[in-house]
Amino acid sequence: MTKAINKKVPAPYLTIPQLKTLSHLQTLIRFKSITPNSAGGIEWLAHQLTDLGFSIEQFSTHNVTNLIAKIFFGAGPVMAFSGHIDVVPATRDGWLADPFDGHIINDAIYGRGAADMKGGIAAMLSATQTLINSARQKQGTLYWLITSDEEGEAEYGSLLIAERLAQQGVQLDGCIVGEPTSHLQVGDTIKNGRRGALSARLVVNGKAGHVAYPENTINAAHVSAEVIKRLTGITWQCDEPSSQTSLQVTGINIANVVDNIVPARCEVTFNIRYSHGYKSSDIKNEIQLALGDLQPLLSVQWERPCEPFYTSHQTHCCLLTQVEQAIFNVTGSYPLLSTSGGTSDGRFFANDYTQVIECGVRNNTIHQVNEHVPINDLLKIEKIYTQLLVNIFTQPDSKHV
Ligand SMILES: [Zn+2]
């Protein structure tokens, strides 16, 4: 270990609230919350939010812990912050410091989840504290929706939180997701949607026989080649320049290859990342249509469906505009809108009524050895979140804290 690695206290130029944000993140990193374990992280957050006046609803199922925290200021916008406390695993190998200790090295906080997405949670916690402690008149309702099941199958996490809110008759106007969306600078990119995802396991059922008498066989390998040609040749008419559909074959499998037998069975697996112009049912229809006359030889099993979502600008109380404005106020530039990347929990909260925007720190080290977030980046996203909360929840004539 070098001297720099042992430096646990950052430079003295930081203010006390800024130091608090750093300390929040270090605390969060120290909970070994590998999916689906909360490892005390959600309990700690619930405690912090209770101190701020939130009411808490915590529920667990299949080892997943979920939190719905709510504070009501008065009539006005109903907004949520969505996040996940869980992280992907990390061993000590290759790390400059223990991945579950939150060391500060060269003015960056290192640790699993520093960027994905405990950094976002720490920053939003500080922003929430600033909002609550502000003497200004507040309006609306703020929810904190946190799960410990985002990095896994996401079966018992935000999906159940969204269902529970619906049962309670809660309709969110908007939801900010604290995922790391920035590219080169904090605030340069936000996600106003995500593509959908769908996997398929397709089996070609041919007819085996001697290779010397192919006329008596149906070669499953040859049919699968035609299947792949058709699948990859589909034109996706509903695509948009910012949201393109792509189909990738992920496996071609023929068991027990023998050089004088025509294979009877071939399994082709593929994954489709599709534009928000489609629903998963449309994607299935397009594929069935393309396979047409081959259908009698095929069976398809669909797996891991994730619906897309997309938030466009709206004329009244537009969360997208508010996020863009907060970023401009802090960084001097407007963000790029993107729908790229994998799926996210945003899909569970998005609907015709609820605008969902993902906005967070840079994603260049997420899921990697030595995941980290520069202190300046963390403080910048905290500033953006604070601007945003103040804009949303304080009266128009009292926008300064
Ligand atoms: Zn994440």
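User: Which residues of strand 10 make up its covered face, and which its uncovered one?

Analyst: In this predicted model, the covered face of strand 10 is formed by Gly196, Leu198, Ala200, Leu202 and Val204, while Ala197, Ser199, Arg201, Val203 and Asn205 belong to the uncovered face.

User: What makes strand 10 and strand 14 a pair?

Analyst: Two strands are said to pair if at least two bridges are found between them. Strand 10 (residues 196–205) and strand 14 (residues 265–274) are joined in the antiparallel sense over 10 bridges, and therefore they count as paired under that cut-off. Among the facing residues, Leu198 stands opposite Ile272 in strand 14, and Val203 has Glu267 of strand 14 as its bridge partner.

User: How do you know that strand 10 also pairs with strand 15?

Analyst: Strand 10 and strand 15 share 7 bridges in the antiparallel sense, and the requirement is at least two, so these strands are a pair as well. Val204, for instance, stands opposite Leu298 in strand 15.

User: Why are strand 12 and strand 15 called edge strands?

Analyst: The open sheet has 4 strands in the order 12-14-10-15, with antiparallel pairing. Strand 12 (246–253) and strand 15 (298–306) each pair on one side only, and these are the edge strands. Neighbouring strands of this sheet are turned by 20° against each other on average, with direction ignored.

User: What does helix 6 touch when it packs on the sheet?

Analyst: Helix 6 (residues 220–232) touches strand 10, strand 12 and strand 14, and its direction makes about 10° with that of strand 14.

User: What makes Leu160 of helix 5 count as buried?

Analyst: A residue is called buried if 20 or more other C-beta atoms lie within 10 Å of its own. Leu160 is listed as buried in helix 5 (residues 158–167), as are Ser158, Ile161, Ala162 and Leu165, so each of these residues meets that cut-off. The elements that cover them include strand 1 (55–61), strand 2 (64–74), strand 3 (78–84), strand 6 (140–147) and helix 9 (346–349). Just after helix 5, Gly169 takes a positive phi of about 75°.

User: How many residues of domain 1 and domain 2 are in contact?

Analyst: The chain is divided into domain 1 (3–194 + 308–393) and domain 2 (196–306), and 7 residues of domain 1 are in contact with 8 residues of domain 2. On the side of domain 1 that touches domain 2, there are 3 nonpolar, 3 polar and 1 charged residues. The centres of domain 1 and domain 2, taken over C-alpha atoms, are separated by 39 Å.

Conventions: Residues are numbered from 1 along each chain as its sequence is written. This is a predicted model: local features need pLDDT of at least 70, side-chain atom pairs count only at pLDDT 80 or more; totals for chains, interfaces and linings use all residues. Domain bounds come from an automatic or database domain assignment. Two residues are in contact if their C-beta atoms, placed from the backbone, lie within 7 Å. Ala, Val, Leu, Ile, Met, Phe, Trp, Tyr, Cys and Pro count as nonpolar, Asp, Glu, Lys and Arg as charged, and the others, Gly among them, as polar. Helices (H or I, at least four residues) and strands (E, at least two) are DSSP runs, numbered from the N terminus. Axes are lines fitted to C-alpha atoms, for helices over the stretch in contact, and angles run from 0 to 180 degrees between N-to-C directions. A residue is buried if 20 or more other C-beta atoms lie within 10 Å of its own, exposed if 12 or fewer, and partly exposed in between; C-beta atoms are placed from the backbone.
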